[in-house]
Amino acid sequence: MSAEFAGARRIADIDWSRWTPVDRATLVFVLSGDDILLIEKKRGLGGGKVNGPGGKVDPGESVEQCAIRECKEELGIDVSELEQLGEHRFQFVDGYSIHCWVFRTSKWGGEPVETDEAVPLWRRTDAIPYERMWEDDHIWLPLILEGKAFTADWIFEDDTMLDHRLTLLAQAPGAPTE
């Protein structure tokens, strides 16, 4: 864990130009008509919560490669034509931090299946169970559904959001290739 910004409780407490994450990760939201494919996460960060499939970027892997791999590992589906719309920088009070890129797609194949990591959960986009998700999801997930690009910084203490800053963009933020 990085101790540099441990204890930060407000966005202004962090020099974001020097911020570096402990981990890099992805989230993917698969859309089918008026439905969205979510997961009930079984373990790891956010275990027990509802989210999109995703996970940590492996060394030498691009964020898009990670997003594709995680959908296969967590749900057994193949996704393509990913549209990267969001970029999150999460800082936790305990020192943990994660940089996360958010994708959406309506191009996928296979049948979502339960794995040791996740249970597939289809929901209508007007009935997303935000009460079972991370506290910030209700702020930015509607933007993903609308195809709006953004960057966001978040401060969390355990499961509680302490502060945030979200900026809408004219186009999607660039994702690193590695």
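The buried residues of α1 (63–75) are covered by elements including β1 (23–32), β2 (35–41), β4 (54–56), β5 (78–80), β7 (97–105) and β9 (118–124). The model is predicted: local features need pLDDT of at least 70, side-chain atom pairs count only at pLDDT 80 or more, and totals for chains, interfaces and linings use all residues. Residues are numbered from 1 along each chain as its sequence is written, and side-chain values use heavy atoms, with hydrogens and water left out.

Helices (H or I, at least four residues) and strands (E, at least two) are DSSP runs numbered from the N terminus. In α1, Val63, Cys66, Ala67, Arg69, Glu70, Cys71, Glu74 and Leu75 are buried (under 20% relative accessible area, 1.4 Å probe, protein chains only). The 13 residues of α1 reach 18 Å from first C-alpha to last, close to the 18 Å expected at 1.5 Å a residue (1.5 Å times one less than the number of residues). Glycine 76 follows α1 and has a positive phi, near 75°.

Two nonpolar cores are listed below; each is a set of buried Ala, Val, Leu, Ile, Met, Phe, Trp, Tyr and Cys residues joined through side-chain atoms within 4.5 Å.

| Core | Size | Residues, among them |
|---|---|---|
| Largest nonpolar core | 28 residues | Phe29, Trp140, Leu141, Ile144 |
| Another core, apart from it | 16 residues | Ile39, Cys66, Val79, Trp101 |

In the largest core, Phe29, Trp140, Leu141 and Ile144 have the most contacts (heavy atoms within 4.5 Å). The largest share of this core, five residues, comes from β10. Not counting residues up to four places away in sequence, Trp140 touches Leu27, Phe29, His88, Val102, Phe150, Trp154 and Leu166.

Definitions and conventions
Buried means under 20% relative accessible area, exposed over 50%, partly exposed in between (1.4 Å probe, protein chains only).
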